[in-house]
Amino acid sequence: LVQTYLSAPKAGAVKPEAAKGGVRITKLVTVQGKAAPLLQGVDAKTCETADALPPGAFYGILAGARPVVGCTDPSRATACQLVALGEGGPAFAGGQALTVLGSVRGPLAGGAAPDE
(Lines give C-alpha, C1' and ligand atoms only; values in the text may rest on other atoms or scores of the structure.)
Protein backbone atom coordinates (compact mmCIF):
# COMPACT_ATOMS: atom_id res chain seq x y z
CA LEU A 1 0.00 0.00 0.00
CA VAL A 2 2.85 2.38 0.72
CA GLN A 3 4.12 1.90 -2.82
CA THR A 4 0.69 2.83 -4.16
CA TYR A 5 0.75 6.18 -2.37
CA LEU A 6 4.38 6.87 -3.26
CA SER A 7 3.67 6.35 -6.96
CA ALA A 8 0.83 8.92 -6.92
CA PRO A 9 1.28 11.76 -9.44
CA LYS A 10 2.55 15.15 -8.28
CA ALA A 11 0.01 17.83 -7.38
CA GLY A 12 -1.43 19.39 -10.51
CA ALA A 13 -0.59 16.37 -12.66
CA VAL A 14 -4.15 15.00 -12.42
CA LYS A 15 -6.58 16.70 -14.77
CA PRO A 16 -9.40 18.43 -12.85
CA GLU A 17 -12.16 16.61 -14.74
CA ALA A 18 -10.65 13.25 -13.70
CA ALA A 19 -10.54 14.31 -10.05
CA LYS A 20 -14.21 15.36 -10.01
CA GLY A 21 -15.52 11.78 -10.34
CA GLY A 22 -17.72 12.06 -7.26
CA VAL A 23 -19.14 9.24 -5.20
CA ARG A 24 -20.09 6.09 -7.11
CA ILE A 25 -22.18 3.28 -5.66
CA THR A 26 -22.11 -0.16 -7.29
CA LYS A 27 -22.64 -3.77 -6.24
CA LEU A 28 -20.06 -6.53 -5.97
CA VAL A 29 -21.16 -9.29 -8.37
CA THR A 30 -18.49 -11.88 -7.61
CA VAL A 31 -15.69 -12.16 -5.04
CA GLN A 32 -12.81 -14.59 -5.48
CA GLY A 33 -10.06 -15.40 -3.03
CA LYS A 34 -7.53 -16.13 -5.78
CA ALA A 35 -4.21 -14.32 -6.01
CA ALA A 36 -4.48 -10.65 -6.91
CA PRO A 37 -1.78 -9.86 -9.51
CA LEU A 38 -2.02 -6.06 -9.21
CA LEU A 39 -1.77 -5.92 -5.40
CA GLN A 40 0.89 -8.50 -4.61
CA GLY A 41 1.98 -9.02 -1.02
CA VAL A 42 -1.32 -8.04 0.62
CA ASP A 43 -4.52 -9.98 1.36
CA ALA A 44 -6.50 -8.73 -1.66
CA LYS A 45 -9.71 -10.15 -3.10
CA THR A 46 -10.38 -10.22 -6.84
CA CYS A 47 -13.88 -8.83 -7.47
CA GLU A 48 -16.27 -8.14 -10.32
CA THR A 49 -18.67 -5.19 -10.02
CA ALA A 50 -21.98 -4.34 -11.68
CA ASP A 51 -20.71 -0.96 -12.95
CA ALA A 52 -17.43 0.46 -14.23
CA LEU A 53 -14.95 1.69 -11.62
CA PRO A 54 -12.54 4.63 -11.89
CA PRO A 55 -9.21 3.74 -13.53
CA GLY A 56 -6.22 3.19 -11.24
CA ALA A 57 -6.31 3.11 -7.46
CA PHE A 58 -9.38 4.18 -5.48
CA TYR A 59 -10.73 4.17 -1.93
CA GLY A 60 -14.21 3.54 -0.60
CA ILE A 61 -16.55 1.79 1.81
CA LEU A 62 -17.81 -1.81 1.52
CA ALA A 63 -21.34 -2.55 2.78
CA GLY A 64 -21.50 0.89 4.40
CA ALA A 65 -19.11 -0.13 7.17
CA ARG A 66 -15.71 -1.39 5.99
CA PRO A 67 -13.08 0.96 4.53
CA VAL A 68 -11.30 -0.48 1.49
CA VAL A 69 -8.76 0.47 -1.14
CA GLY A 70 -8.81 -1.03 -4.59
CA CYS A 71 -7.13 -1.15 -7.95
CA THR A 72 -9.13 -1.42 -11.18
CA ASP A 73 -7.98 -3.97 -13.74
CA PRO A 74 -6.61 -1.94 -16.70
CA SER A 75 -8.19 -4.35 -19.21
CA ARG A 76 -11.72 -4.46 -17.66
CA ALA A 77 -13.32 -1.50 -15.86
CA THR A 78 -15.66 -3.79 -13.88
CA ALA A 79 -12.87 -5.97 -12.47
CA CYS A 80 -10.88 -4.89 -9.44
CA GLN A 81 -8.85 -6.04 -6.48
CA LEU A 82 -9.91 -4.88 -3.03
CA VAL A 83 -8.01 -4.74 0.26
CA ALA A 84 -9.79 -4.12 3.58
CA LEU A 85 -8.29 -1.45 5.81
CA GLY A 86 -8.30 -2.59 9.43
CA GLU A 87 -9.92 -5.55 11.13
CA GLY A 88 -13.58 -6.39 11.61
CA GLY A 89 -16.52 -5.31 9.53
CA PRO A 90 -18.48 -7.38 7.03
CA ALA A 91 -16.69 -10.06 5.01
CA PHE A 92 -16.37 -9.62 1.25
CA ALA A 93 -19.40 -11.17 -0.50
CA GLY A 94 -21.31 -10.80 -3.74
CA GLY A 95 -24.31 -8.46 -3.62
CA GLN A 96 -22.73 -6.00 -1.17
CA ALA A 97 -22.69 -2.30 -1.95
CA LEU A 98 -19.30 -0.79 -2.78
CA THR A 99 -19.22 2.99 -2.44
CA VAL A 100 -16.24 4.51 -4.27
CA LEU A 101 -15.41 7.78 -2.54
CA GLY A 102 -12.47 8.92 -4.67
CA SER A 103 -9.36 8.09 -6.66
CA VAL A 104 -5.84 7.94 -5.29
CA ARG A 105 -4.11 7.95 -8.68
CA GLY A 106 -4.65 6.98 -12.29
CA PRO A 107 -3.51 3.68 -13.83
CA LEU A 108 0.18 2.82 -13.92
CA ALA A 109 1.94 3.28 -17.26
CA GLY A 110 1.38 0.17 -19.37
CA GLY A 111 -1.02 -1.30 -16.77
CA ALA A 112 1.87 -2.98 -14.97
CA ALA A 113 1.99 -3.63 -11.25
CA PRO A 114 4.66 -1.72 -9.26
CA ASP A 115 7.92 -3.51 -8.59
CA GLU A 116 8.46 -4.76 -5.08
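1. A quick definition to start: a residue is buried when its relative accessible area is under 20%, exposed when it is over 50%, and partly exposed in between (1.4 Å probe, protein chains only). Helices (H or I, at least four residues) and strands (E, at least two) are DSSP runs, numbered from the N terminus.

2. Before you dig in, note that this is a predicted model, where local features need pLDDT of at least 70, side-chain atom pairs count only at pLDDT 80 or more, and totals for chains, interfaces and linings use all residues. Residues are numbered from 1 along each chain as its sequence is written, and side-chain values use heavy atoms, with hydrogens and water left out.

3. I'd begin with strand E5 (residues 79-84). Six of its six residues are buried, so E5 is largely enclosed by the rest of the structure. In a regular strand the side chains alternate between the two faces of the sheet. Here Ala-79, Gln-81 and Val-83 point one way from E5, while Cys-80, Leu-82 and Ala-84 point the other way.

4. What does E5 pair with? Strands count as paired if DSSP finds at least two bridges between them. Strand E2 (residues 45-49) runs antiparallel to E5 and is joined to it by four bridges. Strand E4 (residues 66-72) is also antiparallel to E5, with five bridges, and a hairpin of six residues connects E4 to E5. Have a look at Gln-81 in E5: it is the bridge partner of Thr-46 and also of Cys-71.

5. Now the inside. A nonpolar core is a set of buried Ala, Val, Leu, Ile, Met, Phe, Trp, Tyr and Cys residues joined through side-chain atoms within 4.5 Å. The largest one has 12 residues, among them Leu-28, Cys-47, Phe-58, Cys-80, Leu-82, Ala-84 and Phe-92. Strand E3 (57-62), E5 and strand E6 (97-105) are the elements that give two or more residues to this core, and E5 gives the most, with three.

6. Contact means heavy atoms within 4.5 Å. Leaving aside neighbours within four places in sequence, Leu-82 is in contact with residues including Leu-28, Asp-43, Cys-47, Phe-58, Val-68, Phe-92 and Leu-98.

7. How many salt bridges does a search of the whole structure find? One, taking a salt bridge as a side-chain nitrogen of Lys or Arg within 4 Å of a carboxyl oxygen of Asp or Glu. The side chains involved belong to Arg-76 and Glu-48 (2.4 Å, N to O). Arg-76 sits in the loop between E4 and E5 and Glu-48 in strand E2, so the pair ties together parts that are 28 residues apart in sequence. Arg-76 itself is partly exposed, at 41% relative accessible area.

8. Glu-48 also turns up in another pairing. Strand E1 (24-32) is antiparallel to E2 over four bridges, and Thr-30 stands opposite Glu-48. E1 is joined to E6 as well, by four bridges in the antiparallel sense, with Arg-24 opposite Val-100.

9. Val-23, in the loop between helix H2 (16-19) and E1, counts as exposed at 55% relative accessibility. Gly-106 is in the segment after E6 and is partly exposed, at 31%. Not counting residues up to four places away in sequence, Gly-106 touches Pro-55, Gly-56 and Ala-57.
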